[in-house]
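Here are a few exercises to work through with the model open in your viewer. Try each task before you read its solution.

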Amino acid sequence: MKKWIHMLGLLIFAWLLFHIGIDRVLQEIPRMEVGWFLTAIALTIPLSLLFTYRFHVILRDCGIGLSFGKCFRYYLLGQYYGFITPGKIGSFYRIYLIKDGEGVPLKHSFWAVVTDRIADIFGMGALACVGCVIIFPYTPVFFWVFLGMGLLALLLIYAMVQRKRVSKLLRYIVPAKFHQDYLSKDDLIVLPSPSRLLVIAAISLLCWAGIFFQGWIVVRAYTTAFPAADYILVAPIASIIGLIPVSVSGFGTRDSVYIYLLSIYGISETMALTLSLLCYFVNAAIPSITGGLYELFLFVKQRLRTHA
């Protein structure tokens with residue numbers, strides 16, 4: 001069951017392509033206004049730097065002093081490994097990349113990466129909460145569900161800051177065979193203070209608002225039916241659903257919710273699927289492919305060095 005559950009989203013995605021038709025999706029792509037689309041692609045660089053800055057702040061607050069350039073490297077590699085794994089779980093591989101590459105104790109790199117990931121969930125979840133109020137004014141249950149997810153993320157962060165509860169929390173997160181590495185008390189775990197967590201949360205909101213603004217620019221390349229403010233708050237709902245680890249990179253689950261949300265604004269399912277794929281290409285695929293190419297470069301460089 002665990003082995004095949006990750007195929008569920010891909011099966012949904014395959015059904016969407018069959019139901020809507022690949023040919024119809026391909027016919028929609030040339031209709032874009034190229035200038036808007038190129039603008040969206042150009043925003044990838046400043047947004048990647050903004051996410052790297054947040055990661056740099058988190059690492060520094062966790063007592064890990066890496067240069068901005070190295071943080072950018074680990075950000076790109078995290079994007080790549082998250083791209084090829086269910087629920088972007090591969091982004092946690094940065095824990096070992098930082099440990100092995102920088103000689104940082106395992107539990108320190110662990111908490112830094114986990115804090116960064118929780119900041120992502122908080123940023124998307126907070127925007128999605130407001131989006132639920134906009135989309136479902138007469139169905140408040142959606143609002144409370146997403147608000148609960150946001151509060152849960154905040155409670156986890158708070159538990160991390162409370163040093164006495166860190167070990168108890170870890171026992172539910174870390175497999176038993178790794179307890180000795182993560183729970184050892186040889187040195188103090190350095191975590192961001194509550195005031196610094198507020199700074200990280202603010203940066204995260206800015207990061208994800210920028211990501212969804214970038215997605216709106218892609219939508220604007222095709223239609224003016226979707227206001228920018230609405231898109232920035234509505235699109236995170238689909239992204240949150242896409243984090244459920246039943247697919248690779250959220251394919252199928254994210255697209256289904258995206259199609260439903262855009263239908264509220266009168267956008268056809270063919271156009272919605274096209275926009276979902278294009279937004280994913282701009283928001284996630286480009287930085288992930290860049291990270292993959294960088295990983296390949298490091299691999300070739302290491303092999304050449306070993307051969308020499």
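Accessible areas here come from the Shrake-Rupley method with a 1.4 Å probe, and for residues only the protein chains shown count as cover. This is a predicted model, where local features need pLDDT of at least 70 and side-chain atom pairs count only at pLDDT 80 or more, while totals for chains, interfaces and linings use all residues. Residues are numbered from 1 along each chain as its sequence is written, and side-chain values use heavy atoms, with hydrogens and water left out.

**Exercise 1. Sum up the protein chain: its surface, its burial and its secondary structure.**

Start with the surface: the protein chain has about 15400 Å² of accessible area, and carbon and sulfur atoms own 70% of that. Next, burial: 51% of the 308 residues count as buried (under 20% relative accessible area; exposed is over 50%, partly exposed in between, with a 1.4 Å probe and protein chains only). Then go through the secondary structure, taking helices as DSSP runs of H or I with at least four residues and strands as E runs with at least two, numbered from the N terminus.

**Exercise 2. Find the largest nonpolar core and describe the surroundings of Tyr231.**

A nonpolar core is a set of buried Ala, Val, Leu, Ile, Met, Phe, Trp, Tyr and Cys residues joined through side-chain atoms within 4.5 Å. The largest one holds 81 residues, and Phe212 and Tyr231 have the most contacts inside it. Helix H7 (residues 106–135) is the top contributor to this core, with 13 residues. Now zoom in on Tyr231: skip the neighbours within four places in sequence, and its contacts include Phe212, Trp216, Phe226, Tyr258 and Cys279.

**Exercise 3. Which residues lie closest to the centre of the largest cavity, and which helix gives the largest share of its lining?**

First, the rule: on a 1 Å grid over the protein atoms alone, a cavity is a set of points where a 1.4 Å probe fits but cannot get out, and lining residues have an atom within 4 Å of a point. Grid points are joined across faces, edges and corners, and a volume is the space filled by probe spheres set on the points. That gives 2 cavities of 30 Å³ or more, and the largest has about 640 Å³ of space. Among its 39 lining residues, Lys88, Trp208, Ile211, Asn283 and Ala284 are the closest to the centre. H14 supplies the largest share of the lining, 7 residues. Other helices giving at least two residues each include H4 (44–61), H5 (68–83) and H11 (194–220).

Conventions
Contact means heavy atoms within 4.5 Å. On a 1 Å grid over the protein atoms alone, a cavity is a set of points where a 1.4 Å probe fits but cannot get out, and a pocket is an open set with protein on both sides within 12 Å along at least five of seven lines; lining residues have an atom within 4 Å of a point.
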